[in-house]
Amino acid sequence: MDRLKEKFKEKATPIAAEIKEIIKTHGDKKLGEITIAQVYQGMKGMVGMVTETSKLDAEEGIRFRGYSIPELRKQLPKAPGGTEPLPEGIFYLMLVGELPTQEDVTFITNEWAKRSVVPKHVFDVLDKLPVEAHPMTQFVTAVMAMQTESVFAKAYAKGINKKDYWEYVYEDSMNLIARLPRVAAYIYRRKYKGGAHIEPDHKLDWAANFAHMLGYEEFDMKRLMRLYLTIHADHEGGNVSAHTTHLVGSALSDPYLAFAAGMNGLAGPLHGLANQEVLAWIMDLKEQLGGGLPTKDQIAEFIKKTLLEGKVVPGYGHAVLRKTDPRFTAQQDFYKTYIGHDDICEIVQMIYEVAPPILEATGKIKNPWPNVDAHSGALLVHYGMYEYDFYTVLFGVSRALGVLASLIWDRATGSPIERPGSVTTDWVKKKIASMEQPAKA
Ligand code: NMX
Ligand code: MLT
């Protein structure tokens, strides 16, 4: 058993026992009430699952195992000469529940390098897709093609004890995370760079090697990639990609199947695809105004026009957050610290000043503040990545860290098949009628 797996076992074994005891002793205690609005409107605010890796606060934003993003930018280990955290570190933190040492992250870098060989048939499958296929379609197809490698599926077919499920899910998750950058880079180079692929450089850390395989050798892009892959990793359990991965995994579908399902959700424009939508929206704004920097009044008009057309303003609003997303703020800080001036990034800052009061004035948008997607594309464009329909794949590579760490926890804690109840509108109407009947004297 490798040292990370050993450490996870040491942490998870007593917690799995504790959870069993909590269910046995306190299982019938109530955690809240469910309203009709919640049932019809996306179960917002309804506690419905346990996710150990991170917790979202509506006002403060995400904390990974109790640590905020500014704390993690300071405290997680860095690459030699680097100033942003290594994503290997956030994976360790989410999986083990403790901050890693430099040695812990070096172990993960080496382990992922060792596990990173992608079978040839995955590239063959990708090569058969039309090059115009959306990068997220190609990404999910590649993950599905890699499912042939699942050690969990093979072991399950032979017959394994439930107590050991997590061990196979750990192996699949580590292999999958190790291989995703190679697959993502292959899609990028195939689609936008005429198929001129770049071999991995295993002397580099996971994020820097990803930037290298994409074709970005500058230190600055590697630094951005480390931050990007860290801050997109997890957002508690209820977001579409995390919840889908958890739900599909609960049927004991292996990590490849579960992660691919989650990625299909990330590809939706209200979720991860919003990062490409933001850039498309900004480019549209620029184009309609004849290029150059727009004025704040022009931005305000464009926002109002978007709303009048019955469209969403991408990058703004959130199902849980009620303040500016700290992931937006971290990227804003990155811009101010390392870039200083860039036209698209300046437009992002101007939108931040102009949009919230307009969105607030609609009276219906619960959160008028920017989310993570409002800033990410502008930084990527600054470093030369103009292909914005690829951005959600970067989000997906990062999100693998959180959802797969959670999947390992799910299997280690004996989380069962998820199967909430559903009702019909007729049932709801009868329930309302019964609640409105005057109590019998
Ligand atoms: N622009 C226009 N309308 C909005 C926006 C927005 N940015 N945000 C919310 N609304 C509307 C929403 O469509 C709904 O309208 P209606 O009643 O006509 O159906 C109303 O305001 C109330 O919605 P909320 O309860 O505030 O938001 P909800 O929880 O339903 O949705 C989002 C959350 C994130 C889906 C929504 O804010 C949105 O569509 N934002 C734009 C897309 C986006 O940036 N998504 C990325 C989220 C982060 N991520 O990476 O996943
Ligand atoms: C996420 O990172 O998953 C998004 O902010 C969406 C969410 O949390 O609902």
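How many cavities of 30 Å³ or more does the structure hold? The structure holds three of them, a cavity being a set of points, on a 1 Å grid over the protein atoms alone, where a 1.4 Å probe fits but cannot get out.

## Basis of the description

This is a predicted model, in which local features need pLDDT of at least 70 and side-chain atom pairs count only at pLDDT 80 or more, while totals for chains, interfaces and linings use all residues. Residues are numbered from 1 along each chain as its sequence is written, chains are lettered from A and ligands numbered from 1 in the order in which they are written, and side-chain values use heavy atoms, with hydrogens and water left out.

The shell around ligand 2 consists of H235, N239, H271, H318, R327, F395 and R399, where a residue is near a molecule if one of its heavy atoms lies within 4 Å of it. By class, this shell contains one nonpolar, four polar and two charged residues. In this division, Ala, Val, Leu, Ile, Met, Phe, Trp, Tyr, Cys and Pro count as nonpolar, Asp, Glu, Lys and Arg as charged, and the others, Gly among them, as polar.

The side chain of H235 places an N or O atom 2.7 Å from an oxygen atom of ligand 2. For R327, a side-chain N or O atom is likewise 2.7 Å from an oxygen atom of ligand 2, and a polar side-chain atom of R399 lies 2.7 Å from a ligand 2 oxygen atom. Ligand 2 taken alone exposes 270 Å², of which the protein buries 85%; accessible areas come from the Shrake-Rupley method with a 1.4 Å probe.

## The largest cavity

The largest cavity has a volume of about 130 Å³; a volume is the space filled by probe spheres set on the grid points, which are joined across faces, edges and corners. Its lining comprises 15 residues, and A113, S116, H202, W206 and N209 are the closest to its centre. Lining residues have an atom within 4 Å of a point.

At least two lining residues of the largest cavity come from each of helix 5 (102–114), helix 9 (165–192) and helix 10 (206–214). Helices are DSSP runs (H or I, at least four residues), numbered from the N terminus. The lining of the largest cavity divides into eight nonpolar, four polar and three charged residues.

## The second largest cavity

The second largest cavity holds about 50 Å³ of space. Its lining is formed by V278, W281, I282, P314, Y316, V348, I351 and A374, which divide into eight nonpolar, no polar and no charged residues. Helix 14 (274–288) and helix 17 (343–361) each supply at least two of the lining residues, and helix 14 gives the largest share, three residues.

## The second largest pocket

A pocket is an open set of points with protein on both sides within 12 Å along at least five of seven lines. The second largest pocket contains about 500 Å³ of space. Among its 21 lining residues, K162, K163, R411, A412 and G414 lie nearest its centre.

Helix 1 (3–26), helix 9 and helix 19 (391–412) each contribute at least two residues to the lining of this pocket. Helix 1 supplies the largest share, six residues. The lining has eight nonpolar, five polar and eight charged residues.

How values were computed:
A polar contact is a pair of N or O atoms within 3.5 Å; within protein, one must be able to donate a hydrogen and the other to accept it, and residues adjacent in sequence count only if both atoms are side-chain atoms.
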